[in-house]
Amino acid sequence: MNSLNVGLIGTGYIGKSHALGFRNARALFPHVPDLKLACVCDLDSALAESLRADFDFYRATTDWRDIISDKSIDLVSIATPNALHREMAVAAIDAGKHVYCEKPMGVSLDEAHMMAQKAEQSSVSTLLAYNYLRSPAFAHVQKLVRSGKIGRLYFFRGVCEEEYMADPAAPFSWRCSRNMAGTGALGDLGAHLLCLMISIMGSPKELVAELSTVIPSRRTGGSAETSHEVENDDVAHAMLKFDDGATASFTTSRVSWGRKNKLAFDIYGEKGSIHFDQERMNEILLFEKDAEEENNGYRTILTGAFHPPYGRFIPSAGHQIGFNDLKTIEIAMFAESIAEQKPLFPTFGDGIIIEKCIAAMVASAARRSWEPI
């Protein structure tokens, strides 16, 4: 397989990030199939045409079904509001196309199961866009943990916080609608934290959670006089337990002033600990207990060419890669997995455990009880 024709649905900032990744993947990873930008879709014809021109897509459309019916398109990239994921993904799979889909999978666990079942019954490849997994720093964290560097794991503490809805004057959007988004901060931000946590700690067995909406209504139509009830969570907290006795704490918020993209965690083990924060995504803090107490302390590891695939972007440590580079890595890895017919985590089937955790948190908050996963 030398090339794949790509259809992109959605032109927002995530859609643009996808376009950058598809355009750049082959230049940085020359061994992967060539990704040809065949068609871009947006309901707004001006936005579709603008992205088409900026990235030299072959054509633009305002109807996503044009991409599904186009027999020349091999891979469908879905960068739309959550409520549209299921219908688009299922249609693409039925048409025999590979699917790269933003998280969360849908607006409910039932939708996620439907998508996973459809993918399981097909021969196409699927990938959920959890691009923080592709960070060279996070890959090194996984390597440190798996090598036993900090010993048996005791406890994971994670937060995923942003400020994009912190201002009470911010208007109601589709992200505040249960029908369009499902959960709020939990699915939009917390899903990323759950994915990283599960990749390190394994699947949790039970949890207890609390969800809250701290800004109950938001203005609509550009007027402070009209408002709409916020239908999902602004903040979510949870405690989780694992089969091996390890535990985790989890916090996500879209109303945290000062936090731009604080996807951060600490992992504590019997011999040390690791700290990572996506706002400082090119460094890791590692603590290893030293026999000399006066020398105990965290040391900073700056990512570089020895943390692949960092070196494909720049050879010098400390010079930094960024968010869009993670998309490029993820897309290149997906193209390679399609060519080699080897699944790349997380497929639609893999994503079910994340969706189960989200559903269990919602149930726990409603019932005020521990919930099995």
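Leaving aside its neighbours within four places in sequence, which residues is Phe276 in contact with? In this predicted model, Phe276 is in contact with Ser135, Ala137, Leu263, Ala264, Phe265, Met281 and Glu283, once those neighbours are set aside. The residue has its place in strand β14, which spans residues 272-277, and its relative accessibility of 2% means that Phe276 counts as buried. The points below begin with the chain as a whole and then return to Phe276 and to other aromatic residues.

**Overall architecture**

- The protein chain has ten helices and 17 strands, and its radius of gyration of 21 Å is close to the 21 Å that the globule rule gives for 373 residues, so the chain is as compact as a globular protein of that length.
- Taken along the principal axes, the box filled by the C-alpha atoms of the protein chain is roughly 65 × 55 × 40 Å.
- Of the 373 residues in the protein chain, 52% are buried, while the accessible surface comes to about 16,200 Å², with 49% of that area belonging to carbon and sulfur atoms.
- When contacts between residues at least 6 apart in sequence are considered, 69% of them join residues at least 24 apart.

**The aromatic cluster around Phe276**

- Phe276 belongs to one aromatic cluster that it forms together with Phe138, Phe156 and Phe265.
- Within this group, Phe276 and Phe156 are 120 residues apart in sequence, and their C-alpha atoms are 12 Å apart in space.
- The ring centres of Phe138 and Phe265 lie 6.1 Å apart with the planes at 85°, and because an angle over 60 degrees counts as edge-to-face, the pair is given that description.
- This pair links distant parts of the chain, with Phe138 in helix α6 (residues 136-146) and Phe265 in strand β13 (residues 262-269), 127 residues apart.
- Phe138 is buried, with a relative accessible area of 0%, and Phe265 likewise counts as buried at 0% relative accessibility.

**Other ring interactions**

- The structure holds nine aromatic pairs, and one of them is formed by Tyr100 and Phe334, whose ring centres are 6.1 Å apart and whose planes stand at 35°, so the pair is tilted.
- Here too the pair links distant parts of the chain, since Tyr100 is in strand β5 (residues 98-102) and Phe334 is in helix α9 (residues 323-340), 234 residues apart.
- Both partners of this pair, Tyr100 and Phe334, are buried.
- A charge also meets a ring in this model: the charged end of Lys241 sits over the ring of Trp370, at 4.4 Å from the centre of that ring.

**Helix α8 and its end**

- Helix α8, which covers residues 185-201, contains a kink of about 40° that is centred on Ala191.
- Because 17 of the 17 residues of α8 are buried, the helix is largely enclosed by the rest of the structure.
- The residue that follows α8 is Gly202, which has a positive phi, near 90°.

**His140 in helix α6**

- His140 lies in helix α6, the helix that also holds Phe138.
- With a relative accessible area of 16%, His140 is buried, because the cut-off for that class is under 20%.
- Not counting residues up to four places away in sequence, His140 touches Ile284, Ile301 and His307.

Notes
Residues numbered from 1 in each chain as written. Predicted model: local features only at pLDDT ≥ 70, side-chain atom pairs only at ≥ 80, totals over all residues. Heavy atoms only, no water. Phe/Tyr/Trp six-rings, centres within 6.5 Å; stacked < 30°, edge-to-face > 60°. Helix = DSSP H or I, 4+ residues; strand = E, 2+ residues; numbered from the N terminus. Buried < 20%, exposed > 50% of the residue type's maximum accessible area, 1.4 Å probe, protein only. Lys NZ or Arg CZ within 6 Å of the ring centre and 35° of its normal. Bend = angle between axes of the 7 residues up to and from the residue. Rg over C-alpha atoms; globule rule 2.2 N^0.38 Å. Contact = heavy atoms within 4.5 Å. Areas by Shrake-Rupley, 256 points an atom, 1.4 Å probe, with all protein chains shown as cover.
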